[in-house]
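Let's sit down with this model and learn to read it feature by feature. Ask whatever comes to mind.

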Amino acid sequence: MTIDWDNLGFEYIKTPFRYISKWKDGQWDEGKLTEDSTLQIHESSAALHYGQQCFEGLKAYRCKDGSINLFRVDENSKRMNRSAKRLMMAEVPEAKFIQAVEAVVKANEAFVPPYGSGGTLYIRPLLIGVGEGIGVKPAPEYLFTVFCMPVGAYFKGGLTPTNFIFSDYDRAAPQGTGAIKVGGNYAASFMPGEEAKEQHFSDCIYLDPKTHTKIEEVGSANFFGITKDDRFITPLSPSILPSITKYSLLYLAEHNLGMEAVEEDVYIDSLDQFKEAGACGTAAVISPIGGIQTYDDFHVFYSETEVGPVTQRLYDELTGIQFGDIPAPEGWIRNI
Ligand code: PLP
Ligand code: COI
């Protein structure tokens with residue numbers, strides 16, 4: 001297969017190897033790499049009926065010297081175990097998670113896009129409840145798999161701003177599963193997302209489910225804004241996914257850019273405070289938001305066609321660290 005590294009989108013591409021391990025009778029088996037990209041599971045698996053499943057997303061980055069960086073993989077492991085705990089699934093020990101991710105990246109090394117192409121290797125760990133049982137209760141067995149594919153920009157345009165629209169739908173309930181990475185949250189976002197795309201927006205922005213007066217997040221990324229007095233603000237809410245990219249940007253805005261960086265409520269009637277805004281996440285990286293269709297007008301931030309200077313600097317710091325060009329804060333990078 002020949003891959004056009006410079007023009008990758010965010011689509012499934014089959015790579016040769018994936019990892020699989022099974023939890024049964026209270027323990028994980030050793031796990032192995034396999035070329036089989038299909039799963040055979042029991043028809044009554046809790047993952048299929050009751051959504052007892054969770055997943056993660058992280059990336060491997062090709063450095064200038066040809067080596068490969070993993071970014072904050074331990075945080076993905078911790079978040080997957082928070083999801084597992086909430087859904088009463090077997091947790092995956094951190095060492096096993098990291099070893100699986102490294103094994104899959106090494107086995108598919110030829111699919112890590114070249115340095116400078118803009119592409120990365122997207123890694124998708126998945127944990128599902130399987131085995132026989134139709135009662136509404138946790139599954140007796142679990143499968144943990146990790147597969148990967150080369151990807152480019154998630155939102156078409158990359159660093160070119162795109163537009164978003166407020167959703168009337170809620171993504172997650174106030175005390176529900178918004179803060180964990182479970183499939184049900186995403187299935188629920190298909191219809192609002194499609195409706196936004198039909199109106200030529202990149203995606204929708206969800207508001208807080210209780211009052212619909214505050215920004216929560218995008219269906220696949222967190223929101224951030226840069227205020228006119230140069231503060232980095234990102235919403236604080238128990239029903240959004242705690243984005244590893246968001247926490248990294250909070251740190252970089254404060255330590256590398258010297259800004260005040262805070263998580264706080266972002267009221268929809270306070271958008272004027274921002275001179276720039278963006279969506280951030282592993283897949284989204286930093287995607288500048290040109291404008292938002294609110295309930296009563298179309299609010300433009302910096303520009304609909306050009307990335308703002310602070311967003312650009314944050315992007316350069318983050319991706320510089322990920323690709324190994326800028327020294328990383330302690331523990332952020334595993335070079336393999
Ligand atoms: N919010 C949602 C709903 C997501 O699916 C993601 C992607 O994982 C994010 C935010 C960003 O999280 P992270 O930066 O950890 O990838
Ligand atoms: C990620 O950024 O890793 C995500 O999971 C977002 C989306 C592709 C579901």
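Q: Which residues make a nonpolar surface patch here?
A: First, a word on ground rules: this is a predicted model, where local features need pLDDT of at least 70, side-chain atom pairs count only at pLDDT 80 or more, and totals for chains, interfaces and linings use all residues. Residues are numbered from 1 along each chain as its sequence is written, chains are lettered from A and ligands numbered from 1 in the order in which they are written, and side-chain values use heavy atoms, leaving out hydrogens and water. A patch joins residues with over 30% relative accessible area and no salt bridge, with like charges joined within 9 Å and nonpolar side chains (Val, Leu, Ile, Met, Phe, Trp, Tyr) within 5 Å. In this structure Tyr50, Ile134 and Val136 make such a patch of about 330 Å²; areas come from the Shrake-Rupley method with a 1.4 Å probe, and for residues only the protein chains shown count as cover.

Q: Where does Tyr50 lie, and why does Tyr50 count as partly exposed?
A: Helices (H or I, at least four residues) and strands (E, at least two) are DSSP runs, numbered from the N terminus. Tyr50 belongs to helix H1, residues 46-50. For exposure, buried means under 20% relative accessible area, exposed over 50%, and partly exposed in between (1.4 Å probe, protein chains only). Tyr50 has 39% relative accessibility, so it counts as partly exposed.

Q: Which residues come nearest to ligand 1?
A: Being near means that a heavy atom of the residue lies within 4 Å of the molecule. There are 17 residues around ligand 1, and Tyr186, Glu217, Ser243, Thr245 and Thr282 come nearest. A side-chain N or O atom of Tyr186 is 2.5 Å from an oxygen atom of ligand 1. Thr245 places a polar side-chain atom 2.5 Å from a ligand 1 oxygen, and for Thr282 the corresponding distance is 2.6 Å. Taken alone, ligand 1 exposes 380 Å², of which the protein buries 97%.

Q: How many aromatic pairs are there?
A: A pair of aromatic rings is described by the distance of the centres and the angle of the planes. Rings of Phe, Tyr and Trp (its six-membered ring) pair if their centres lie within 6.5 Å; planes under 30 degrees apart count as stacked, over 60 as edge-to-face and the rest as tilted. The count comes to 17 aromatic pairs. One of them is Tyr19 with Phe144, edge-to-face at 5.9 Å centre to centre and 65° between the planes. Tyr19 sits in strand E1 (residues 18-24) and Phe144 in strand E8 (residues 141-151), so this pair ties together parts 125 residues apart in sequence. Tyr19 and Phe144 are both buried. Trp23 and Tyr142 are also edge-to-face, with 5.6 Å between centres and 65° between planes. Trp23 is partly exposed at 21% relative accessible area, whereas Tyr142 is buried at 2%.

Q: How many salt bridges does the count give?
A: A salt bridge is a side-chain nitrogen of Lys or Arg within 4 Å of a carboxyl oxygen of Asp or Glu. The count comes to 13. Among them, Lys22 and Glu141 meet at 3.0 Å, N to O. Lys22 lies in strand E1 and Glu141 in strand E8, so the pair ties together parts 119 residues apart in sequence.

Q: What links Asp74, Lys78 and Glu94?
A: They are linked in a network of salt bridges. Within it, Lys78 pairs with Asp74, the closest N and O atoms being 3.6 Å apart. Lys78 and Asp74 are 4 residues apart in helix H2 (residues 73-86), so about one helical turn separates them.

Notes: A polar contact is a pair of N or O atoms within 3.5 Å; within protein, one must be able to donate a hydrogen and the other to accept it, and residues adjacent in sequence count only if both atoms are side-chain atoms.
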